[in-house]
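Good morning, everyone, and thank you for making the time.

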Amino acid sequence: MKKLPKILIAGALALGVGAIIAADHLDAPAVGGTSADITDYFAFESAENANNTVFAANVQSSLAGAAEFDENVLIEFNIDNDGDLVEDRVIQAIPRDGKMYFFGPYEITTTGLNSTIDETALIGSVDISTGADANTITTAGGIKIFAGLRADPFYFDFTTFNAVVGNPAGPFTGTTGPAGGFQTAENASDPFEGTNVLSVVIEVPNGLLGGTSAHPAGTGVQIWNTWVEAKTKQ
Amino acid sequence: MKLQNLKYLLAGIILTGFVSCNDDDDNTPVTIVPVPAPTEIDFSGTFAQQDQMGRAAINTVLGGTSADKNEFNVTIPSEMVDRFQPDFLNKAVALHAAFGAEYETNILGLDAQTLTTVLASDVLQVAPSVPTTYFDGTNVLTGRNLSDDVVDVSLILLFGGTSGDRFNGQTPETPILVTDNVSAGTGATGTTTFPYLVSPQ
């Protein structure tokens with residue numbers, strides 16, 4: 001939420017020319033719009049089975065134009081079991097010839113920015129979906145997998161945001177609401193409505209995800225720390 | 001969306017400084033059922049990180065320069081606080097200064113230092129034993145549903161002050177900063193069956 005037109009402190013808040021950004025949609029300049037661009041990440045209890053957790057990673061918003069998974073890009077869900085913010089388990093997904101292959105969850109020993117795929121942890125593959133019908137597979141171990149085109153769940157007045165923070169004028173820059181902030185409800189709009197993303201979705205029995213640790217915000221709830229990474233083959 | 005009830009709920013919570021106890025849950029061991037990998041398919045190689053995400057919008061709003069945002073995407077979570085929390089703090093202060101204001105302790109009772117420390121570790125907590133949600137009136141940061149308004153929650157925590165409603169257009173000179181006034185779209189409604197995300201539009 002950078003600035004009013006007065007631009008009092010533009011220097012301190014320089015976002016860089018062309019850094020059109022929203023919630024990791026159309027991300028930082030080096031990755032935004034590429035096939036390794038993670039646009040969103042969700043993790044929630046399965047509506048079908050309260051003992052399962054669903055992980056969904058979205059890549060490549062249709063706002064950026066691209067619409068196919070890249071065989072050089074590995075999507076990796078990371079799970080920290082002991083609260084040290086280092087991954088203990090991963091779930092990996094990579095496409096080959098129109099199918100998405102899923103590995104894990106499995107425990108890893110080498111952590112960090114670089115990953116390899118443990119082929120012995122392959123749990124299944126599913127045809128990549130391109131239209132309204134969702135191809136899904138339920139594996140022998142009770143894991144459900146999906147990969148393909150979906151409606152983008154993200155919603156945000158992105159055009160007003162760009163104006164509020166003073167990003168350069170562009171296709172997604174609008175005007176601010178009153179006093180330089182967001183719009184009133186009557187005038188707000190959502191440019192993500194009607195757009196699509198490529199989604200990788202996996203539903204996993206909780207027993208496969210390992211131990212939990214105490215919530216870092218002190219709420220007393222046991223949790224996994226989780227995040228998703230996109231990695232390209234070297 | 002308003003979080004007025006949250007402060008009562010969390011009045012007794014003491015922030016422990018984000019050092020978690022190693023309190024392994026007692027999950028019944030369940031092992032995956034692997035299938036043979038097709039021998040003709042090559043899964044070999046080393047894959048190097050290009051992008052990452054835990055919580056939506058954090059890097060976007062509180063990150064610094066474009067170079068900083070790029071660096072954030074290739075920093076592992078355990079190193080994020082040391083490297084980025086000071087920048088996040090500066091940005092939170094600057095964002096308020098741009099509107100002629102100072103940060104005010106938020107509805108969770110977090111000052112700017114504490115809030116930016118929580119946000120700098122870009123991970124999403126997910127709970128197996130309570131409802132998963134960004135915030136549903138009772139549960140806080142236990143997951144993220146398709147319909148959760150993460151934008152409003154984030155704006156409230158950053159700009160909402162103690163009431164959660166600090167900048168909401170109360171006067172003609174007061175900007176709306178605690179909400180973008182956009183509600184869940186078609187894609188966020190989700191379905192009740194796997195894969196839960198809605199068909200493409």
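What percentage of the 234 residues of chain A count as buried? Before I answer, please keep in mind that this is a predicted model, so that everything I say is computed from predicted coordinates. The figure for chain A is 61% of its 234 residues. As for secondary structure, chain A comes to one helix and 12 strands, and if we read from the N terminus, the order is β-β-β-β-β-β-β-β-β-α-β-β-β. Turning to contacts within chain A, if we consider those between residues at least 6 apart in sequence, then 54% of them join residues at least 24 apart.

Let me now take the sheets of chain A. In one of them, an open sheet, five strands follow the order 1-2-10-9-8, and the pairing is antiparallel. Strand 1, residues 38-45, and strand 8, residues 137-138, stand at the edges of this sheet, and because each has a single partner strand, one side of each is left without a neighbour in the sheet. Further in, strand 9, residues 144-151, pairs with strand 10, residues 196-205, in the antiparallel sense over eight bridges, and here you can find Phe146(A) opposite Val201(A).

The next element I would point to is strand 3 of chain A, residues 73-80, where eight of the eight residues are buried. Which residues point one way from this strand, and which the other? Val73(A), Ile75(A), Phe77(A) and Ile79(A) point one way, while Leu74(A), Glu76(A), Asn78(A) and Asp80(A) point the other way, and all of them are buried. Strand 3 of chain A is joined to strand 12 of chain A by eight bridges, with the two running antiparallel, and within that pairing Lys231(A) is the bridge partner of Leu74(A). Strand 3 also pairs with strand 4 of chain A, residues 89-96, again in the antiparallel sense, over five bridges, and in this case Ile79(A) stands opposite Arg89(A).

Strand 12 of chain A, residues 222-233, also takes us across to the other chain, for this strand pairs with strand 2 of chain B in the antiparallel sense over three bridges, and Thr226(A) stands opposite Leu124(B) there.

How many residues of chain B are in contact with chain A? There are 98 of them, and they touch 123 residues of chain A. The elements of chain B that each supply at least two residues to this side are strand 1 (47-53), helix 2 (58-62), helix 3 (66-72), helix 4 (80-97), strand 2 (124-126) and helix 7 (186-189). The largest share, seven residues, comes from strand 1 of chain B. By residue class, the side of chain B that touches chain A divides into 53 nonpolar, 36 polar and nine charged residues.

Finally, a word on helix 6 of chain B, residues 150-159, which is mostly covered, with 10 of its 10 residues buried. Among them are Val150(B), Asp152(B), Leu155(B) and Phe159(B). The buried residues of this helix pack against helix 4 and helix 5 of chain B, the latter spanning 112-120. After helix 6 of chain B comes Gly161(B), whose phi is positive, near 65°.

Methods: Residues numbered from 1 in each chain as written. Chains lettered and ligands numbered in written order. Predicted model: local features only at pLDDT ≥ 70, side-chain atom pairs only at ≥ 80, totals over all residues. Helix = DSSP H or I, 4+ residues; strand = E, 2+ residues; numbered from the N terminus. Buried ≥ 20, exposed ≤ 12 C-beta atoms within 10 Å, placed from the backbone. Contact = placed C-beta atoms within 7 Å. Nonpolar A, V, L, I, M, F, W, Y, C, P; charged D, E, K, R; others polar. Pairing = 2+ DSSP bridges.
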